[in-house]
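Subject: A structure for you to explore

Hi there,

I am passing on a structure that I hope you will enjoy looking through. Please open it below and keep it beside you while you read my notes.

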Amino acid sequence: MRGLTESIAAALARDGLILRGSFNFADGEEATFGLSGAKSVLLVGQAGAAPWPHFLRWREIQPLAIADPLDTWARQVIGAVADEFGARAVSPSDRPYLPFQQWAMRAEGLRPSPLGILMHPQYGLWHAYRGALLFEDEISVQSAEAAIHLCDACVGKPCMKSCPVDAYSPKGFAYQSCLAHVRGPNGEPCRNGGCLDRNACPYGTAYRYPAEVQAFHMAAFAGL
Ligand code: B12
């Protein structure tokens with residue numbers, strides 16, 4: 001018989017989504033996030049742009065004006081899986097923000113790249129989190145070992161050298177400089193093909209999002 005996580009993974013795969021590791025809250029930790037009752041967390045996300053065709057098919061039958069369509073789609077499909085398996089779903093866009101990256105570091109043993117995006121040993125920078133399934137019963141989870149952190153071996157750090165306005169630096173992400181450039185007259189390459197620094201990363205290139213997908217995310221980020 002298939003185990004719970006295998007059955008959930010199969011349900012998520014219908015929409016191009018995958019399980020991204022799991023962990024159990026320490027006693028009382030869930031309450032600090034306003035998630036009383038939750039014991040186990042299963043992260044849900046994507047490798048590469050696998051959900052994109054599923055999202056597009058859904059988008060075609062939605063009203064033209066719909067706020068945050070990708071978030072809305074993810075909430076619907078992950079919410080349906082939560083209902084099917086007796087879980088509660090939360091989203092990375094829920095307010096106040098839940099610490100999805102910290103959860104992912106815990107669940108998958110990842111560390112941040114110099115860009116802030118977590119570096120995955122297989123997917124590089126081309127992955128994301130779309131939700132989490134919370135269970136009231138403790139699910140037996142395998143504790144994550146530290147993943148190989150590819151940035152440690154990357155000498156040239158092209159991700160720190162490709163942005164025309166040096167938005168990423170050891171001081172963090174200069175979000176306003178990035179926005180001004182992306183929206184401005186010289187921002188067309190970023191608008192059409194995504195963040196130049198992210199695209200300069202040599203790892204996980206087989207999972208790189210197509211230009212169309214990157215343009216969609218950039219438009220959402222820059223409010224275009
Ligand atoms: C707010 C936010 C932003 C803000 C950051 C403002 C700021 N300086 O705080 C802005 C709008 C700038 C932003 C941009 C992007 N973001 Co963002 N963002 C978030 C969001 C919704 C909340 C972050 C937060 O405050 N969490 C609460 C704290 C307590 O949790 P945390 O785990 O400790 O948070 C970590 C992050 O905040 C991180 N961080 C701080 N500043 C920045 C800046 C960037 C660019 C990133 C990636 C992370 C990051 O450091 C914290 C410690 O680990 C998260 C989803 C989530 N719920 O976490 C996505 C998230 C961090 N973003 C993500 C991504 C991919 C991006 C982009 C790179 C791409 C995009 N979405 O278009 C862009 C960058 C634009 C570009 N040049 O391409 C992904 C990262 C996935 C991964 N593989 O690691 C997340 C997890 C969303 C997701 N659905 O997967 N983001």
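Here is what turned up, topic by topic. One thing to keep in mind from the start is that this is a predicted model.

Let's begin with the aromatic rings. A pair of aromatic rings is described by the distance of the centres and the angle of the planes. Searching the whole structure gives 17 aromatic pairs. In one of them, the ring centres of Phe25 and Trp103 are 5.9 Å apart and the planes meet at 70°, so this pair counts as edge-to-face. The two residues come from distant parts of the chain, 78 residues apart: Phe25 is in the loop between β1 (18-24) and α2 (29-32), while Trp103 belongs to helix α5 (residues 100-108). Both Phe25 and Trp103 are buried.

A second pair to find is Phe55 with Trp73. Their centres are 6.1 Å apart and their planes are at 75°, so this pair is edge-to-face. Phe55 is part of helix α3 (residues 52-60) and Trp73 is part of helix α4 (residues 69-85), so the pair ties together parts 18 residues apart in sequence. Phe55 and Trp73 are both buried.

Going back to Phe25 and Trp103, you can look for a group around them: together with Phe23, Phe33 and Phe100 they form one aromatic cluster.

Next, the cysteines. How many disulfides are there? The count comes to zero. Take Cys151 as an example: the closest cysteine sulfur is in Cys201, 6.5 Å away, which is too far for a bond because a disulfide needs the two sulfur atoms within 2.5 Å. Cys151 has 11% relative accessibility, so it counts as buried. Cys195 is in no disulfide either, and its nearest cysteine sulfur, in Cys178, is 6.5 Å away.

Where does the ligand sit? You will find it in the largest pocket. The elements giving two or more residues to the shell around the ligand are α5, β6 (127-135), α6 (175-183) and α9 (211-222). There are 25 residues around the ligand, and Leu98, Gln101, Gln102, Leu118 and Tyr129 come nearest.

- Gln102: an N or O atom of its side chain is 2.5 Å from an oxygen atom of the ligand.
- Leu118: a backbone N or O atom is 2.8 Å from an oxygen atom of the ligand.
- Tyr168: a polar side-chain atom is 3.3 Å from a nitrogen atom of the ligand.

Happy exploring!

How values were computed:
Residues are numbered from 1 along each chain as its sequence is written. This is a predicted model: local features need pLDDT of at least 70, side-chain atom pairs count only at pLDDT 80 or more; totals for chains, interfaces and linings use all residues. Side-chain values use heavy atoms; hydrogens and water are left out. Rings of Phe, Tyr and Trp (its six-membered ring) pair if their centres lie within 6.5 Å; planes under 30 degrees apart count as stacked, over 60 as edge-to-face and the rest as tilted. Helices (H or I, at least four residues) and strands (E, at least two) are DSSP runs, numbered from the N terminus. Buried means under 20% relative accessible area, exposed over 50%, partly exposed in between (1.4 Å probe, protein chains only). A residue is near a molecule or strand if one of its heavy atoms lies within 4 Å of it. A polar contact is a pair of N or O atoms within 3.5 Å; within protein, one must be able to donate a hydrogen and the other to accept it, and residues adjacent in sequence count only if both atoms are side-chain atoms. On a 1 Å grid over the protein atoms alone, a cavity is a set of points where a 1.4 Å probe fits but cannot get out, and a pocket is an open set with protein on both sides within 12 Å along at least five of seven lines; lining residues have an atom within 4 Å of a point. A molecule sits in a cavity or pocket if more than half of its atoms lie within 2 Å of its grid points.
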